[in-house]
Amino acid sequence: MSDVVERTLTALPSLLSSDPSPGRPSSTSKLGTLIRGITELTSKHDEEKLIQRELVSIKEQVSSPNTTMRQMKELMVRAVYCEMLGYEASFSYIHAIKLAQQGTALDKRVGYLAVSLFLNESHELLLLLVNTVLKDLQSTNLIEVCMALTVVGQVFPKDMIPAILPMVEEKLNHPKEIIRRKAVLALYKFYLIAPNQVQHIHSKFRKALCDKDPGVMSASLHIYLEMVTEKPESYKDLVVSFVTILKQVVGGKLPIDFNYHSVPAPWLQIQLLRILSLLGKNDRSTSEMMYEVLDESLRRAEMNHNITYAILFECVKTIYTIHPKAELLEKAAKCIGNFVLSPKINLKYLGLKALTYVVQQDANLALQHQMTIIECLDHADLIIKRETLELLFRITNGQNVKVIVEKLLEFLRHSKDDYVTIDLGGKVTELAEKYAPDNSWFIRTMNTVFLLVGDQMQPDIPNSFLRLLSEGFESAEEDQQLRLLAVDSYVSLLQEQPARLPQRFLQVISWVLGEYSSVKEGLEPATVLRLLAPLLDLRHCSSETKSWVLAAMTKLSAGPACLSVAQELAERHGGSLDTTLRQRLHELQHLASDGELLRRVLPCSDGLEPLEVDSTLSFLDGFVSEALAAGAAPYKPPHQRQEELAQEKALSVEPYGLSLPLSLSSSSIAGRLSPTVLSMSSGLSGNSTELSPKGGSALRLEGVTRVWGKEGYLAKAALKPEEAAKTEVPCPLSVLQEGGSAPRTPVVSLPAPAPGPSLQAEREKQQLASCLFMGLGSQGAAGPCLMGKAEPTRHGFRKKVKGQGSSSGARGPSGDSASSSPSPLSAQSAMDNLLCSSPLDSGSTPSPADSAPSPADSAPSPADSATSPADPAPHLPHDLPANNRPCDAQEDLTEDTDTSETVVEGNSVAVVDPYDPEPLCLSPHLPEELCGLPRSEIRPLCRDASLVLSACCVRTDHSSLLVVFVSNASDSAARRFALQMTSGDLEVSRVRGGPEEEEEHVEGHSVAVYQYSLVPTRPSVHMELAGRASYQRPDGEPQSTPFSYGLSLPDFIRPLSVSTEEYGRLWLASSNDIKQNLALLSQEPDPLRATLHRLRDRLQLNVVDIIASEGIVACQLLQGPPCLMHCRLNAGCLAVWLRSSLPELPDCLLYHCQRALAQH
Amino acid sequence: MRFMLLFSRQGKLRLQKWYTATAERDKKKMVRELMQVVLARKPKMCSFLEWRDLKIVYKRYASLYFCCAVEEQDNELITLEVIHRFVELLDKYFGSVCELDIIFNFEKAYFILDEFLMGGEIQDTSKKSVLKAIEQADLLQEVSVLEPHLASLVSNFKDVNKLTTVVVLTVL
């Protein structure tokens, strides 16, 4: 479009509408009335009434047949408005789709918008949109194509992606950059929701990356970011390209349009930085390639504007993620400092965030800013405060743990956000377990956590806490002290106000009391029972908690005092509707009365020797066999039961689709044949009797209760939960013991708050700082701690520390260069290739010396396409179509440049080895009149001691000739040489040499040539020719060698030149037809033309005409009937329709068309 | 980006765009909760929020709050600039935009947003080209409103570019 038109275009809207600004509210519209009506109302109730009235009227109008599309558009806008206000207008969904389908461009836009706002990806009505989208994608109106792509990028049913994918792919080649860009983003969306669907077009993403329009290029980066995140190692070859692009962007090489507040393409920069950080992570050599450009980015981003800070922040993140370089780290640290010290609150927040990110690599950085951090700790904005706590969490060590945990708990007390509470609860627990300075502090802290976080807490917190208590540490004395402390504190908690305690905490308390109340001297079991008993009366107490409580009571119930409590309880709760509860009560009562049984069932083992668990339950074998003998049904594992159930269902009278379990709807076939999904889940939950080793690593809450339930019966041998854990997880334990250490006395004590003026406050802060940052300098040698060894994994820091990075980096160069071949070096060389040589070279040098390396050059190597993005855009389009040509050229070269003499002299057998891949150098022997005609490669047929037979098929306009070369390498002549050939599909007749020469001689060291004309009797995909060569050796002995030669249909296909009119007549005259979809060479700029030309070149078809998206092609079987082909572009495929009077011909030809298009 | 919301100081939703599939009920709940959280914040406070498992970036322009939910690893500052660029676009299109423009022409605002962001990612950073795309589509609309016979002309012409030249001639 010319500039003038473009300018007029942008000025047009104002010309056309009387209103100076096109978007001003049109006060007369119905929407306007509605909106004003709503704003005038005062109560929510009135609003509701008004909207309901409105919806009724909309509903009436949309379903009226007289409503025009323009009115429909207006109605849709109103419906969208009502939905936005929170009122459902689902009746309009279908009309939105209709509007998108039937409206003209302008109404369509509203229709699409309404659809994208009303429906989400999984809505079934969306299926109705697919056809509309398809139609619009094919439209020649750019705006319609844009609209279709936009809606595809917003909302599209996942299952239907394959239907439109080819069309979208095709749009990647569209001349308009806006279409290309939208197509790329649509593919990005597909990648997000169904990555498998777009796997095959990764090469096209590369093409988008090299697009000459920077907008398209940056759109492709979204996809690359996703792909690199997933699998960084596959994209290392692109680092050079990304770095080059970034360099150009930073250097201001992009059009000024891409500037944002005079910063060049900031979005693009940030996207590239993110990709680079992923690629450079733990990879020294890759990181080294980026140092320069990162430095440049840091240097350039100096303007004082949000956007430059955004870039700086991303730079800093990248610098700290990739393999470190001291110089850059220093600059990045300075940047972080600027952020932290900034008066702007957003920057301060990011500064803290960056600090959090880097503090494990560089704890000193936090030390430098400690006063700022202290200030932020008391910041009015909770977000800042929380980020500061996050930072403190990262710098916690054995010495500052008390202060930091205190700060965290303080925040926790005031937090109202569940997410924050759960998160912080987990963090405090982690710190307490890792760094607890002493036992009582640990118990106190955990009590607070249990109280504050309550029942939303992550379930593994109580689990690991109980495990800590039960497994203990090196010193038994310490362990007992810890348990004693726990029992003490719980007893007092229960005495105070048990009703306020959360369920999880109650469960923990009951378990601990059940196990360890004996540790406390003077604490009677009956007392504990009386403390626990009221919990059963609590209304908010869940049945699960009650089970815990009762389990604990059962463990303690020894002695007459307990029995009376048990009986009392049994009376009060015996009528409970909860069967589990009743059962447990019954057990309690029974065990309390029978001390002997109690000791057998629940031996009070102080020692923690692991119990042998017979997980196969072999002791039940006798019972099982008895039951079987008595006629019981054999046991079936749950998955088998499920399977049978599914099969049963499959045989039911219900329709097939409905008979499947709902959960398997996504893949019905797989779901039906393999019930693995089902069996897995049921196996986990159903088989409670099996304490499998893999499930044992984390002590489950349910596990604990179960022990006293069903399993108590089965494994008469008592299986105390903590012991179960022992038997199942021996490894953590051993680690635990070797690492255990003596408890620590508190190292830090909080400074006593001294009253005083502001100076005093300042001093307080200083003191707080010294507490908080204690031990930071010697981060590596963090003090040993009591609880830390419970879970070895917890020790690993979340983010890589410097040392780790460098060690893996050291491994990098040797390992990496070997494994990932397209390393920078090879990429570099391939790039040279692309720039200076390529197709021209291989074609223009007929000298044998050059022809040798050429195949290597022209072989389309992956590196080729990989490097091309390195030099941005403009170079790219050339190299793609060229790829095929060199191959053909090369074929000719190798044949033509033979030095034929060597063969004829024949002093070595090796030269003429029939299986030698080197074609026999026989082409000079080809009869003159056949030279220059298309022919197949010369292939060896057979050989014996003296003769070698080879053949090729030459196509003349009206015949196909089989040329047989008989080369005699021996000294003597082969006498009475004769060839006999037969074939079921072909008529073979000798062309030259009449019947008078029946007996021929092939002289020594010469080549005799025989020609046969081949005419197919009936077409078939492949045709075989069997033959026999017979002759007399010099000694008179007859010799005979069989051979065979394979031909294919294209050898007998000739182009048929007809005019379009004649074609039409022929078409009507032919009867046998066949239709099929063929793959399209969709990466070519003009797929239809390219595809048809490929067919023409490979199969000798005549492309009669190409009109828009249709093409007609004609050919003829040699001395046989014509075959016509009608091709049409359809949904990314080539829909072909073949006709011929010969029934087999279309079928065979189609096969070869498929083959020709499949090969690249 | 997960979603973008525009709401007024009174807590009235003005625009919502969801880039990940979310159930209607969850949407309503999230909108309600998020509005509450954001509206409770004081003007001098940080523009970033950690809310649920999301990061919220919001900014207030006059009586309107623009609010984006992004992923944890996304850059907050650049998201702030996404909002700003969107406001700039609205401003340029409507000519010093105010809340009323967006209320009465919310569908136009959606069109602009769709041209600016696609699938939750920035599509076009150039102010000029976004507005050009919008105006091209608008033009189609205006033409057909004015001149029914021109509208038929529109559908006869396959290429927009040709179409525009013809329109220019007729109008002039």
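This is a predicted model: local features need pLDDT of at least 70, side-chain atom pairs count only at pLDDT 80 or more; totals for chains, interfaces and linings use all residues.
Two strands are taken to pair if DSSP finds at least two bridges between them. One position can be picked out here: Ala974(A) has Val1002(A) as its bridge partner in E8(A).

This pair belongs to an open sheet of four strands in chain A, ordered E8-E6-E10-E11 and antiparallel in its pairing. Strand E8 (1000-1002) and strand E11 (1038-1048) of chain A each have a single partner strand, so they form the edges of the sheet and one side of each is left without a neighbour in it. From one strand to the next, the twist of this sheet averages 35°.

Chain A also holds an open sheet of five strands, and here the order reads E3-E4-E5-E9-E7, with antiparallel pairing. Its edges are strand E3 (939-943) and strand E7 (986-990) of chain A, each of which pairs on one side only. The twist in this case averages 30° from one strand to the next. Within the sheet, strand E5 (residues 960-968) and strand E9 (residues 1006-1016) of chain A are paired in the antiparallel sense over nine bridges. Readers who wish to locate this pairing in the structure may look for Val966(A), whose bridge partner in E9(A) is Ala1008(A). As for what holds such arrangements together, strands of a sheet pair through backbone hydrogen bonds, either parallel or antiparallel.

We turn now to the interface between the chains. The size of an interface is often given as the accessible area lost when the parts come together. For chain B and chain A, the buried area is about 7,800 Å², and carbon and sulfur atoms give 60% of it. Chain B brings 85 residues to the contact and chain A brings 82 residues.

Six salt bridges are counted between chain B and chain A. One salt bridge links Glu115(B) with Lys182(A), where the closest N and O atoms are 2.9 Å apart. On the side of chain B that touches chain A, helix H5 (residues 127-146) of chain B supplies the largest share, 15 residues. By class, that side of chain B has 35 nonpolar residues, 31 charged residues and 19 polar residues.

Definitions and conventions:
Residues are numbered from 1 along each chain as its sequence is written. Chains are lettered from A and ligands numbered from 1 in the order in which they are written. Side-chain values use heavy atoms; hydrogens and water are left out. Helices (H or I, at least four residues) and strands (E, at least two) are DSSP runs, numbered from the N terminus. Axes are lines fitted to C-alpha atoms, for helices over the stretch in contact, and angles run from 0 to 180 degrees between N-to-C directions. Contact means heavy atoms within 4.5 Å. Buried area is the accessible area (1.4 Å probe) that two parts lose on being put together, summed over both. A salt bridge is a side-chain nitrogen of Lys or Arg within 4 Å of a carboxyl oxygen of Asp or Glu. Ala, Val, Leu, Ile, Met, Phe, Trp, Tyr, Cys and Pro count as nonpolar, Asp, Glu, Lys and Arg as charged, and the others, Gly among them, as polar.
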